[in-house]
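Let's walk through this structure together, step by step. Keep the picture in view while you read.

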Amino acid sequence: MDDRGGSFVAVRRISQGLDRGNACHSTSAEFVTGSTAWLGRGLSCVCAQRRESDARPSFDLTSAQEECLLRLQSRIDVPYDSSIPEHQDALRALWSVAFPEEELRGLISEQWKDMGWQGKDPSTDFRGGGFISLENLLFFARNFPKSFQDLLRKQEGDRSVWEYPFAVAGVNITFMLIQMLDLEAVKPRTLVGATFLKFIAENESAFDLLYCITFKMMDQQWLSMRASYMDFN
């Protein structure tokens with residue numbers, strides 16, 4: 001991970017020399033490199049295959065993990081509601097960080113299509129991801145502004161004439177991660193989900209950080225496939 005200029009690079013293998021304990025108690029700049037690298041390193045370990053003779057892993061939660069899961073689930077359970085001022089403000093904030101040079105004319109505007117929403121009213125695209133998907137996009141934009149802008153404006157790689165819709169992709173990634181990590185269950189039912197809860201108990205931004213990494217990796221996969229809009233699903 002590289003926080004220079006607010007960007008990062010998702011990599012398959014990450015140095016083992018980082019001190020995990022320091023990742024949760026650091027300055028903003030150190031936080032970006034330390035905690036995301038630790039998260040990526042830990043999740044990569046989950047890919048190791050388990051032998052048939054191995055004992056079944058325990059998915060029981062500690063009290064700290066249970067509290068963090070409940071807080072994350074409370075975020076997941078909030079639908080986007082265009083009548084709530086906090087949700088309206090978050091949407092305006094997303095526009096401001098995405099297009100600081102352009103004034104937003106309204107929460108319902110043709111301008112939203114420039115960010116990759118399907119129509120002029122973004123609220124109709126949040127059904128799958130809820131309010132947390134907007135929070136994820138805002139976290140990405142504020143903490144990794146260069147990477148966010150590179151993906152939003154499709155500034156890296158050999159691009160298709162018809163590209164994937166940025167904002168809709170972001171909502172889909174939130175939904176996909178929730179399902180993949182089984183975050184709506186009372187307790188984890190997979191090794192990946194159990195491993196993730198160990199991270200979030202030490203760093204409650206773990207889900208938002210994983211979202212940023214996943215978005216970057218999705219874009220790299222898109223480029224390697226030489227995909228176009230028809231391949232988006």
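In which helix of the chain is confidence lowest, and in which is it highest? Confidence here is pLDDT, the predictor's score for each residue from 0 to 100. It is lowest in helix α1 (residues 20-23), with a mean of 36, and highest in α4, at 97. Over residues 8-35 the pLDDT is below 50, although this stretch has 51 contacts in the model beyond near neighbours in sequence; a contact means heavy atoms within 4.5 Å. Where pLDDT is low, the predicted coordinates should not be read in detail.

This is a predicted model, in which local features need pLDDT of at least 70, side-chain atom pairs count only at pLDDT 80 or more, and totals for chains, interfaces and linings use all residues. Residues are numbered from 1 along each chain as its sequence is written, and side-chain values use heavy atoms, leaving out hydrogens and water.

Now for the overall build. The chain has 9 helices and 0 strands, where helices (H or I, at least four residues) and strands (E, at least two) are DSSP runs numbered from the N terminus. Of its 233 residues, 47% are buried, meaning under 20% relative accessible area with a 1.4 Å probe, counting protein chains only.

Next, look at one helix pair. The axes of α4 (residues 85-98) and α5 (residues 130-143) come within 10 Å and cross at roughly 35 degrees; axes are lines fitted to C-alpha atoms, for helices over the stretch in contact, and angles run from 0 to 180 degrees between N-to-C directions. Among the residues making this contact are Leu91 and Leu94 of α4 and Leu134 and Leu138 of α5.

Key: Buried means under 20% relative accessible area, exposed over 50%, partly exposed in between (1.4 Å probe, protein chains only).
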